[in-house]
Amino acid sequence: QLQLVESGGGLVQPGGSLRLSCVASGDTLDNYTIAWFLQVPGKEREAIICAKTSATTAVRGRFVLSRDKSTNTVSLRVNNLKSSDTGVYYCAARISKTCAAKPSEFTSWGQGTQVTVSS
């Protein structure tokens, strides 16, 4: 069973950059489509970026997802941080070759890591 553990959250200043990591165990991430979600207080989790099983990187505006097969890890880099980026970031995985936007379509989740963007 795939298990995911995120790290790298914290307090960061607006305009800065942040790199979050998600370490997998129990299976290889090569078999999974991977996504990062953001949950802000009072709202549902929202998909930020997704990478199919065949993709080692994905870019969506300020967000860059990278897959490291050697460490079985996926990272998320967020550039030019804004206050609206504040929330809990989750990595998620699904056994599928295609991306999805709904949280219910992902079967494995990490515990989340808090990011606060503030001066």
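Strand S9 (residues 87–94) and strand S11 pair in the antiparallel sense over three bridges, where two strands are taken to pair if DSSP finds at least two bridges between them. Helices (H or I, at least four residues) and strands (E, at least two) are DSSP runs, numbered from the N terminus. The structure is a predicted model, in which local features need pLDDT of at least 70 and side-chain atom pairs count only at pLDDT 80 or more, while totals for chains, interfaces and linings use all residues. Residues are numbered from 1 along each chain as its sequence is written, and side-chain values use heavy atoms, with hydrogens and water left out.

Strand S11 (residues 113–117) has Thr 113, Val 115 and Val 117 on a covered face, and Gln 114 and Thr 116 on an uncovered one. Strand S2 also contains Gly 10. Gly 10 is partly exposed, with a relative accessible area of 27% (buried means under 20% relative accessible area, exposed over 50%, and partly exposed in between, with a 1.4 Å probe and protein chains only). A distance of 27 Å separates the C-alpha atoms of Gly 10 and Ala 100, which are 90 residues apart along the chain.

Two disulfides are present in the structure. A disulfide is a covalent bond between the sulfur atoms of two cysteines; the criterion applied is a pair of cysteine sulfur atoms within 2.5 Å. Cys 22 is joined to Cys 91, with an S to S distance of 1.9 Å. This pair links distant parts of the chain, since Cys 22 belongs to strand S3 (residues 18–25) and Cys 91 to strand S9, 69 residues apart. The link of Cys 22 and Cys 91 is right-handed, with 55° about the S-S bond. Cys 22 counts as buried because its relative accessibility is 1%, and Cys 91 is likewise buried, with a relative accessible area of 0%.

The other disulfide is formed by Cys 50 and Cys 99, whose sulfur atoms are 2.2 Å apart. Cys 50 lies in strand S5 and Cys 99 in the loop between S9 and strand S10 (108–109), so the pair ties together parts that are 49 residues apart in sequence. The torsion about the S-S bond of Cys 50 and Cys 99 is about -100°, and the disulfide is therefore left-handed. Cys 99 is partly exposed, at a relative accessible area of 34%. With bonded cysteines counted along the chain, the disulfides of the protein follow the pattern 1-3, 2-4.

The largest nonpolar core holds 27 residues, of which Leu 4, Trp 36, Ile 49, Leu 65, Leu 76 and Tyr 89 touch the most other members. Two or more residues of this core are given by each of S3, strand S4 (33–39), S5, strand S7 (63–68), strand S8 (73–78), S9 and S11. The most comes from S3, with four residues. Another core, of eight residues, lies apart from it and includes Ala 35, Cys 50, Ala 92 and Ala 100. A nonpolar core is a set of buried Ala, Val, Leu, Ile, Met, Phe, Trp, Tyr and Cys residues joined through side-chain atoms within 4.5 Å.

Rolling a probe the size of a water molecule over the atoms shows where empty space is left. The largest pocket contains about 200 Å³ of space. A pocket is an open set of points, on a 1 Å grid over the protein atoms alone, where a 1.4 Å probe fits, with protein on both sides within 12 Å along at least five of seven lines; lining residues have an atom within 4 Å of a point. Grid points are joined across faces, edges and corners, and the volume is the space filled by probe spheres set on the points. Strand S5 (residues 46–51) supplies the largest share of the lining of the largest pocket, three residues. Residues lining the largest pocket include Leu 38, Val 40, Lys 43, Arg 60, Phe 63 and Asp 85.

Asn 72, in the loop between S7 and S8, has a positive phi near 55° and is buried, with a relative accessible area of 15%.
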